[in-house]
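This report describes the architecture of one protein model.

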Amino acid sequence: VKAGSFAEYTVVPAKHAVPLPSVKPEFLTLMVSGATAYISLKELGELSEGKKVLVTAAAGGTGQFAVQLAKKAKCHVIGTCSSDEKGGFLKSIGCDRTINYKTENVESVLRKDYPEGVDVVYESVGGKMFDVALNSLATKGRLIVIGFITGYQNPTGLQPIKAELLPAKLLKKSASIRGFFLNHYLSEYKMALKHLLKMYERGDLVCEVDFGDMSPEGKFTGLESVFRAVDYMYMGKNIGKIVVELPHSVNSKL
């Protein structure tokens, strides 16, 4: 793993490299998304049997791992998504309750089905979803912020949240909010990746890859299709991690 993106090749110091058993697109899903879910839940989630875990954008690149890892910890997992197709995928990887936010009111569902709140939230949406997640925390609940995709491609930047009462809300529930940025946990990275690789090889982990076959112009192939892949992600169409295939260049100088 190295800083930089959208290139056919990059030079990485050997000490930063992790050996892989083979070359598979599925392994790309683990490098950032899988590691983020694994380390954040391990270090900050305090997961234990019976805990209720809410995963937002659950069918996305990193959400898919948060769902599976929380399920492996014997938690009750709730996942938000934007379509029935995504809901079906989430159920196939162990999600106990899916909420399609296009057809259901997330806050109402959580209030009705989980009146005592949720113990852990794995939050990557931001904006209004952050407010819903915060308000849905149980006593001693923990909200882990790993992103805020609603603000990534917005003319006005990050979506505002209703934070004025934040101290009171946290105090009332003895709750906490923790941010997680993978770069600050690189000491745990190799251990996490090796563990995830073993899980995948044992068949204990689904690494869903979306090549864009269902996008309007078809599969994402070549650097020139990267912009389509990014738009596809922001439209919320992907299930799992988006991967752009880079065919071997006949003009490569390497």
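## The central sheet

Two strands are said to pair if DSSP finds at least two bridges between them. In general, strands of a sheet pair through backbone hydrogen bonds, either parallel or antiparallel. The model discussed here is predicted. It contains an open sheet of six strands, arranged in the order β3-β2-β1-β4-β5-β6, and the pairing is parallel. At the edges lie β3 (97-100) and β6 (176-179), each of which pairs on one side only. On average, neighbouring strands of this sheet are turned by 15° against each other, direction ignored.

Strand β5, residues 137-145, pairs with β6 in the parallel sense over four bridges. Within β6, Ser176 is the bridge partner of Arg142.

## Helices across the strands

Helix α1, formed by residues 25-45, lies across β4 (118-123), β5 and β6. Its direction is at about 145° to β5.

Helix α3, formed by residues 84-92, lies across β2 (76-81) and β3. Helix α3 runs at about 160° to β2.

Not counting residues up to four places away in sequence, Asn100 touches Cys81, Ser82, Ser83 and Asp84. With Asp84 there is also a polar contact between the two side chains, at 3.3 Å. Cys81 falls within β2 (76-81), while Asp84 falls within helix α3 (residues 84-92).

## The nonpolar cores

The largest nonpolar core has 42 residues, of which Leu30, Val55, Val67, Leu69, Leu90 and Phe180 touch the most other members. Two or more residues of this core come from each of α1, β1 (52-55), α2 (63-72), β2, α3, β4 and α7 (189-201). Helix α1 gives the most, with eight residues.

Which residues are in contact with Leu30, leaving aside its neighbours within four places in sequence? They are Ala35, Phe65, Leu193, Leu196, Leu197, Leu205 and Cys207.

A second, separate core comprises 20 residues, including Ile78, Val125, Phe130 and Ala133.

Key:
Residues numbered from 1 in each chain as written. Predicted model: local features only at pLDDT ≥ 70, side-chain atom pairs only at ≥ 80, totals over all residues. Heavy atoms only, no water. Axes fitted to C-alpha atoms, helices over the stretch in contact; angles between N-to-C directions. Contact = heavy atoms within 4.5 Å. Polar contact = N/O pair within 3.5 Å; in protein donor to acceptor, adjacent residues only side chain to side chain. Core = buried A, V, L, I, M, F, W, Y, C linked by side-chain atoms within 4.5 Å. Buried < 20%, exposed > 50% of the residue type's maximum accessible area, 1.4 Å probe, protein only.
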